[in-house]
Amino acid sequence: MIKFKFLKSRHPVRGETLDTNRVTTTPPPPSSLDFIICRSCTVIFSLFPALATLVLSWFFGHSLQALSSFPPPLSHTGSLLLAVHFYSVPRAVPLIPSTALGVLLLILSSLLVYAGIRRSLRNASLFLPLCLTISVFWCGYGVVFILEGQGVLNDTGDFRNALVPGLVTFTLALLIIAVVGFLCREVILAMIASAVSLASAHEVAMRYSTAFGSSAVACNYMIVCLVGGYFALGRILYFLTKEKVAIPGTDLAKKKTHEQIQSTSGSMNLFAVTGLILNMLSASVFGCRLLGVTGKLFIGQVPWLWAAGIYQIGICILSYRAMDVLMATFFGFTSILKFAGGYCLLYPIWQPEEPSFPTPFLVVFSILFVVLALFLTLKSPVDGLYLLFYVAYCIALACRPKGFFEGGPQGVDVAIFAASALMTLIHLYNVKASAKIPTGKGAVKALLARSSFLKLREGADLHAPYLGYSKYADAEILGYACSVLASFAITMTGDPQAPLATVVIPWVVVAGGILKLLGGSVAFARGKTLESSAFILYAVMWIIWGLTRYGGLYGTTRSFHAAVGIIAFMLFNGFIVFCTLFLNIAWFFYSLTFLLIAVSFLLDAIHALPAGYDIAATLIFGLVSFYCFLSALFNSIFEGSCLPMGRPIVQLSGVGGGMTKCLHLPARKASSVKRIADILKNGGTCGIPTDTVYVLVAACNRPDAVEKAHHSKHQAQDRPMSLWISSLKQLEPAKHLFTPLLWDFMEAAWPSPISLVVPRGEWADFLGMKDSAKYVGTPQSIAIRIPDCSVTTHLIDLVGPIVVTSANPTGEADTTHHNQVYAKLGDKVDAVLCDGPSPENIASTVVDCTKIDSGNIGFFRVGIIPKSQVLQILEQVQKKHMWVPNSGTCTTKSQEEHVNHSHAVRNGVGTAASEETVPVQSPSDGCENHTRL
């Protein structure tokens with residue numbers, strides 16, 4: 001039944017009403033079952049493209065990795081959800097509940113992050129900034145929808161005030177991506193970016209004006225759906241036809257351009273664009289309040305700030321992956337400000353007044369920004385000038401007691417928004433276009449080239465790790481800087497009655513905790529075990545004590561249990577202080593002065609903290625950390641040691657074997673293997689990976705190198721060095737000196753981790769051992785092997801036969817990682833070929849073949865290959881040499897070859913002898929040849 005009545009009509013814009021009289025019809029409410037079915041079908045239909053993508057990728061064996069080839073279908077799915085949502089806004093009840101829509105957007109945002117990062121490792125297109133930008137957009141957007149669905153945004157205009165800062169940011173950011181995409185002929189990605197940008201712009205207009213309906217927003221998202229459907233069709237055809245059919249604009253398998261190759265070497269950071277967009281997002285939240293675009297600052301805008309902070313930490317990590325230390329440090333700094341801003345907007349939940357800011361911390365933060373800007377200017381003057389906006393921002397925050405809520409900092413936010421948009425355009429265009437926008441990179445480099453005092457570090461070894469190969473640049477700069485920030489943050493004494501009123505927790509927990517954990521993880525990946533352990537321990541200490549002390553978790557009564565926990569931390573730190581005696585002077589004072597901070601925590605826990613001790617301890621630790629920060633910056637930018645970290649305080653024999661930096665090269669590069677081969681040819685010794693454990697090698701035609709390898713590990717006489725070849729072809733000229741059975745056994749057993757001990761003979765002269773022979777094997781025998789490792793055999797092909805011994809001092813355990821080679825023999829070898837952990841932790845099996853012709857073999861060592869497998873190989877070889885019963889005298893092909901030789905050997909391998917006939921086996925002797933052990 002239709003009812004006619006006058007009512008206060010509700011405009012499609014959520015939270016806005018108009019006082020107009022109109023006749024409306026109230027349709028009969030649908031049944032609950034029909035409503036549930038309708039919603040379910042809509043959600044399933046919206047998710048169908050992503051589900052189809054996953055099914056197809058699984059069918060073709062690509063699993064989740066195929067998501068990196070299907071970004072538009074993912075954006076298609078989210079856009080379809082939003083199109084359905086905005087088309088249903090005029091309804092009394094939206095078709096997709098706000099909470100469900102927010103959760104779905106969060107899921108799709110995580111998939112977009114995965115797809116973007118996967119593709120970024122192979123292609124330097126606009127795909128990465130587009131995926132990450134839409135991902136952070138939908139992440140914050142989804143959380144705002146969840147807050148609205150849960151009734152958190154109840155006041156009139158709250159939903160608009162929460163959405164508009166993010167919508168404004170991504171309207172401009174996606175427009176920049178679209179413009180660059182059209183200029184660089186990335187049409188599909190540019191169309192998606194422009195459609196989402198227009199949708200965001202229409203939604204902003206819709207929130208403020210009744211003249212714009214939600215249909216315009218839905219239409220723009222439908223454009224994304226159509227473009228995504230076209231792209232999905234192209235990718236499906238591409239897989240179905242096995243890469244034979246590619247619709248225009250859908251072929252992602254493009255060859256890397258010159259710019260893409262440069263980006264992988266660290267000269268161009270592909271992730272910086274997204275980091276700059278995140279700076280726009282956080283600045284928009286406070287800038288919109290100053291310009292009157294939003295009515296207030298409140299909890300509804302926290303999702304944008306914290307989403308930007310979380311993604312900024314991710315960009316920091318990815319920048320280390322791109323070998324861009326300075327920009328990674330900068331993004332780590334800005335993430336702290338984003339978390340602090342979100343904390344300040346959350347604070348009114350507990351207290352009505354606005355929180356205050358610690359002035360000393362912000363002054364120190366501005367100094368760190370100044371130093372970082374100066375060093376970044378040496379790389380790119382434009383980027384260095386951009387950092388000066390954050391220097392002004394920190395000074396503005398320090399001058400205003402209410403920080404983010406004051407007009408001064410908000411004015412700087414507006415400037416940061418505009419500067420970040422311009423820097424986004426410059427970075428994005430320079431990544432894609434062949435003609436670059438000048439940023440002054442060559443000017444400072446040319447000036448420093450004239451200086452004899454300062455010289456920039458350049459080349460392939462710019463970010464070479466101290467121990468081995470790492471995919472990340474060094475993060476110690478950020479670790480030291482976070483120590484400075486955390487120490488000066490606690491100089492502000494909080495009010496016990498209102499511990500949250502002073503903004504200290506974000507500085508201590510985020511800077512001293514989360515980012516220091518990041519630095520410790522990267523240090524561990526680079527082989528710095530002690531440094532990583534210290535960073536992680538200090539990070540845990542800052543997080544626990546920062547939340548306990550400045551979060552008011554234990555009240556006014558100091559807890560005995562807190563004191564016991566702090567003492568435990570101090571014991572761990574005491575061990576670190578002892579270990580730093582063998583590292584360098586700077587690290588010793590860095591860990592020692594942290595004990596002063598721990599003592600401060602302990603005294604505060606037992607309510608016995610003397611007046612002024614807190615400030616003295618933080619000043620001492622902060623200044624030491626600041627020196628380490630400057631030293632790490634200088635050492636990462638300039639050659640030499642302008643600000644040295646110092647030498648170890650204690651030098652012990654055998655300790656710190658890897659202190660002298662020998663050459664370390666990644667085994668995955670053919671150029672590295674060639675450099676190792678050149679070193680061996682010139683008489684050097686190197687540690688290399690094998691099919692078992694790491695070994696120390698030298699060229700057998702260089703007696704000086706063999707002698708050096710023999711003495712470098714104090715080789716024991718009962719453990720002689722062995723000989724390795726890459727193929728039996730290297731022994732082909734001496735084949736007549738081996739018996740048929742031994743030769744065929746070697747042929748069947750290799751390549752493998754089986755070392756065969758054979759009698760010493762004239763065959764060794766064919767390998768050019770000469771004077772090296774006295775260091776290899778024993779006077780009676782030599783162990784020889786062909787390793788089952790492509791890197792090792794390729795090296796032997798380049799060098800020739802090599803002399804091998806284990807890469808550890810005699811009596812110690814085998815080395816199963818290149819870091820262990822550095823630790824044990826780092827100052828005694830010329831280079832190490834780094835390949836990470838060994839494939840096996842067990843050495844090779846050593847078989848005694850000196851009496852193989854009499855049917856006897858023995859085992860000096862049973863390693864990775866068991867006895868049974870060796871005996872099985874021998875049995876198969878022996879069957880080839882058996883006489884067939886009742887068939888007279890009969891030989892195999894291999895025996896015939898050896899019979900025709902003018903020389904024969906006895907007992908496996910020996911000297912030349914008179915020609916002998918092959919013995920005839922009578923039928924009565926049986927057909928089996930047993931192996932006696």
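How many salt bridges does the count come to? The answer is nine, where a salt bridge is a side-chain nitrogen of Lys or Arg within 4 Å of a carboxyl oxygen of Asp or Glu. Keep in mind that this is a predicted model, in which local features need pLDDT of at least 70, side-chain atom pairs count only at pLDDT 80 or more, and totals for chains, interfaces and linings use all residues. Residues are numbered from 1 along each chain as its sequence is written, and side-chain values use heavy atoms, with hydrogens and water left out.

Let us begin with Asp158 and Lys296, whose side chains form a salt bridge at 3.1 Å, N to O. This pair ties together distant parts of the chain, 138 residues apart: Asp158 belongs to helix α5 (residues 158-183), while Lys296 sits in the loop between α9 (272-291) and α10 (302-321). Helices here are DSSP runs (H or I, at least four residues), numbered from the N terminus. Asp158 counts as buried because its relative accessibility is 4%, and Lys296, at 30%, counts as partly exposed; buried means under 20% relative accessible area, exposed over 50%, and partly exposed in between, with a 1.4 Å probe and protein chains only.

Next, look within helix α6 (residues 187-208), where Glu203 and Arg207 lie four residues apart, about one turn of the helix. Their closest N and O atoms are 2.9 Å apart in a salt bridge, and both residues are buried.

Finally, turn to Lys528 and Glu476, which meet in a salt bridge of 3.1 Å, N to O.

Conventions
Helix = DSSP H or I, 4+ residues; strand = E, 2+ residues; numbered from the N terminus.
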